[in-house]
Every structure is written in structure tokens, then in C-alpha cells.
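Please look over the structure shown below before reading on.

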Amino acid sequence: TADYKGCGFSEAMLTLTDQLMEPQKSIPGTINVEGYAWGFGGRVLLEGMQTMLDELGLRILNCLPNCTTADIVKAPAAQLNIARRKRWAMALHERFGTEYMHIHGFARYTGLDGILLFYRELAGKMELGIDVDRIFAPRIERARARIAACTDAYRGKRIVLMPRMFTQIP
């Protein structure tokens, strides 16, 4: 499991759970997202996630622990926690009953098919009872077309991946 015992993050999140968080009435359709795992550009990724969550009728309540102390106190109000390090999410579940979705690593959710898988699993965990594939099919197809337009010129050619650009090798 992705517990990362001793990394400091799990311990900090457990401390916040024990010392700051308080029982709350659950707010249906809300999610806490563990903010530590998103890395560089994380804010843009979370904004993109919120756009897709809007289409499912869901919203991000907090990005933990990247929020205010008042938000941390109220974090147990979320219907679901999305967690990479699950000890804190398990502690919230045990203490407050908040369900969680454990994301062991992001490899499972890479690419367009992986993104679709993530939202399918999320909708299942939230018991939405909706067809995620139908909702996101137009968006996924537009993205596939944009990707194909960018990569078709390089099909069959050797390329070297360089930071932020492709360089063709003759």
C-alpha cells in the first residue's frame, strides 16, 4: 500500500485528524482531495478535475492539507476523501465515517482511458448511478482528435523526447 510510513505527510495528516477535525454533518456530493500528491501544476490539475466533477454533480470541498485551518476542522463533512496515503483516510473513516477512495499510484489513471477509469470508479464509489462514459464521451473524443492532430506528423519516425518539445531525428 502507499502508506509512506515515516515520510511526515501521513503523520501530519493523522495529527490534523486527531487534533483539529471535528464531527460534521456530511455534505452529499462533496470530496476532499489529498493535495500533496499532485506536484507541480497541481492547481491546474485540480481545476480540470473540478470541471469534470461539475458534470457529475460533484464538487471538491477541500484540498487537504492545502487549505485553511477552518477548512481542515470541517473536512469530515465531505462524502468522500481521495487519498494517496491511506492511513489518514482510514483514520477519518474510523473516527467520522467519511468514506475514501485510495489512489495507490497514478499509473492506473494515465492517458484518456485512465482518466475515464478514474471517473468511473469515483462515480461508483459515490454511488451516483450514472453512465460516466456517455457523459464524458464527447470530451474524450475531442481530446483524442487533438492528440492525433499533434502526433500524426511524427507517426513512424524516430523522435527523442526533450523537456517541453519533440525533436525529430532524421
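**Overall make-up**

The secondary structure of the protein comes to six helices and six strands, where helices (H or I, at least four residues) and strands (E, at least two) are DSSP runs, numbered from the N terminus. Read from the N terminus on, these elements follow the order α-β-α-β-α-β-α-β-α-α-β-β. The model is a predicted one, in which local features need pLDDT of at least 70 and side-chain atom pairs count only at pLDDT 80 or more, while totals for chains, interfaces and linings use all residues. Residues are numbered from 1 along each chain as its sequence is written, and side-chain values use heavy atoms, with hydrogens and water left out.

Of the 170 residues in the protein, 36% are buried, buried meaning under 20% relative accessible area, exposed over 50%, and partly exposed in between (1.4 Å probe, protein chains only). The protein exposes about 10200 Å², of which carbon and sulfur atoms supply 56%; accessible areas come from the Shrake-Rupley method with a 1.4 Å probe, and for residues only the protein chains shown count as cover. Among contacts between residues at least 6 apart in sequence, 62% join residues at least 24 apart, a contact being heavy atoms within 4.5 Å.

**The pair α1 and α4**

Two packed helices are described by the angle between their axes and the distance between the axes. Here the axes are lines fitted to C-alpha atoms, for helices over the stretch in contact, and the angles run from 0 to 180 degrees between N-to-C directions. Helix α4 (residues 86-96) packs with α1 at an angle of about 15°, their axes lying 8 Å apart. The two helices are therefore roughly parallel to each other, given that angles under 35 degrees count as roughly parallel, over 145 as roughly antiparallel, 65 to 115 as roughly perpendicular and the rest as oblique. Their crossing is right-handed; a crossing is left-handed if the near helix is turned anticlockwise from the far one by less than a right angle, and right-handed if clockwise. On the α1 side, Phe-9, Ser-10, Glu-11, Met-13, Leu-14, Thr-17 and Asp-18 meet Arg-87, Trp-88, Ala-91, Leu-92, Arg-95 and Phe-96 in α4.

In the loop between α1 (9-19) and β1 (27-34) lies Ser-26, which counts as partly exposed because its relative accessibility is 41%. Leaving aside neighbours within four places in sequence, Ser-26 is in contact with Ala-77, Ala-78 and Gln-79. From Ser-26 to Phe-96 there are 70 residues in sequence, and the C-alpha atoms of the two are 9.6 Å apart in space.

Helix α5 (residues 111-125) has 15 residues and reaches 21 Å from its first C-alpha to its last, close to the 21 Å expected at 1.5 Å a residue, the expected span being 1.5 Å times one less than the number of residues. Buried positions in α5 are Leu-112, Gly-114, Leu-116, Phe-118, Tyr-119, Leu-122 and Ala-123.

The axes of α5 and helix α6 (residues 132-151) come within 10 Å and cross at roughly 165°, and the helices are therefore roughly antiparallel to each other. The contact is made by Leu-112, Asp-113, Leu-116, Tyr-119, Arg-120 and Ala-123 of α5 and by Val-132, Asp-133, Phe-136, Ile-140, Ala-143, Arg-144 and Ile-147 of α6. As α5 passes α6, the crossing is right-handed.

Within α5, Tyr-119 is buried, with a relative accessible area of 4%. Apart from neighbours within four places in sequence, Tyr-119 is in contact with Met-49, Met-52, Leu-53, Leu-56, Val-132 and Phe-136. The C-alpha atoms of Tyr-119 and Asp-133, 14 residues apart along the chain, are separated by 8.8 Å. Asp-133, found in helix α6, counts as partly exposed at 29% relative accessibility, and touches Leu-116 and Arg-120 when residues up to four places away in sequence are not counted.

**Two backbone features**

Most residues other than glycine have a negative phi, and most peptide bonds are trans. Glu-127, in the loop between α5 and α6, has a phi near 55°, a positive value in a residue other than glycine, and at 71% relative accessibility Glu-127 counts as exposed. The peptide bond from Leu-64 to Pro-65 is cis, with omega near 0°, and Pro-65 lies in the loop between β2 (59-64) and α3 (69-73).
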